[in-house]
Amino acid sequence: MKRHSWTYAALGLWALCIAPLAAAQSVAIGGTTLELGASRADTLAIANAHFNIVPAQVDGQYMLFPKQGPVIVGRDTYGKPVGTLTIRDDRLTRISRNLGSFRSEDGEQAIERLIAAFSRAPNGGDTPAVRTDTGVSGDASTSRVYFSYPDRAIQIVLFRPNNRPGLATIDITEQYALRPGSVGNAEKQR
């Protein structure tokens, strides 16, 4: 019996030791992988091998830039950031990846309208249903994401011609539709 209790104790101790490893989440960013929960020293060593690290104004936050020679873009010497790291209590607690950016008057208006559409979405604890799809038609591809709420849907579409790089179009729409059975209910209320 003592042998079995020792075996169970050893297995329990082993499980406790690897539990933090099993709970860690790997996040791919800029050609490398970082582990949430990793120590500050390990995180910064890995990040420093792949990025130029610049401390942000917020304590414990670091901006990550591609590791390349200085790129002079106005006063910015590092180019566009790949993302940020947040370290709290000597552990990596957050990784933010920059997914992309663009500058244009149309883009600015589209994003302002997207933010406004999300701000008007129902906020009674309902979360949107999120769907994505992709397709190819003729010489173009389309990728979409839909955020469906009970009273509306917000759709972001990326339309990309196959043989013309740099000519992608992003459309953001907010859609409303009559719910099934609403016509009869509206007529009854008159």
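Helix α2 (residues 40–50) lies across strands β3, β4 (61–66), β5 and β6, in a predicted model, and runs at about 125° to β3. Helices (H or I, at least four residues) and strands (E, at least two) are DSSP runs, numbered from the N terminus. Axes are lines fitted to C-alpha atoms, for helices over the stretch in contact, and angles run from 0 to 180 degrees between N-to-C directions. Contact means heavy atoms within 4.5 Å.

The strands under discussion form an open sheet of 4 strands in the order β3-β4-β5-β6, with antiparallel pairing. Two strands pair if DSSP finds at least two bridges between them. β3 (51–55) and β6 (91–97) stand at the edges with a single partner strand each, so one side of each has no neighbour in the sheet. From one strand to the next the twist averages 25°. Strand β5 (residues 83–88) pairs with β6 in the antiparallel sense over 6 bridges, and R88 has R91 in β6 as its bridge partner.

T32 is placed in strand β2 (residues 32–36). This residue counts as buried because its relative accessibility is 11%; buried means under 20% relative accessible area, exposed over 50%, and partly exposed in between (1.4 Å probe, protein chains only). Leaving aside residues up to four places away in sequence, T32 touches V27, I46, H50 and F51. The side chains of T32 and H50 are also joined by a polar contact of 3.3 Å. A polar contact is a pair of N or O atoms within 3.5 Å; within protein, one must be able to donate a hydrogen and the other to accept it, and residues adjacent in sequence count only if both atoms are side-chain atoms.

Strands β7 (residues 129–137) and β8 (residues 140–148) run antiparallel and are joined by 9 bridges. A129 has S148 in β8 as its bridge partner. The hairpin has 2 residues between the strands, and G138 takes a positive phi near 60° there.

The structure holds 1 aromatic pair (ring centres of Phe, Tyr or Trp, its six-membered ring, within 6.5 Å; planes under 30 degrees apart are stacked, over 60 edge-to-face, the rest tilted). The ring centres of F118 and F147 are 5.0 Å apart with planes at 80°, so the pair is edge-to-face. Because F118 lies in helix α3 (residues 105–119) and F147 in strand β8, the pair ties together parts 29 residues apart in sequence.

Residues are numbered from 1 along each chain as its sequence is written. Local features need pLDDT of at least 70, side-chain atom pairs count only at pLDDT 80 or more, totals for chains, interfaces and linings use all residues, and side-chain values use heavy atoms, with hydrogens and water left out.
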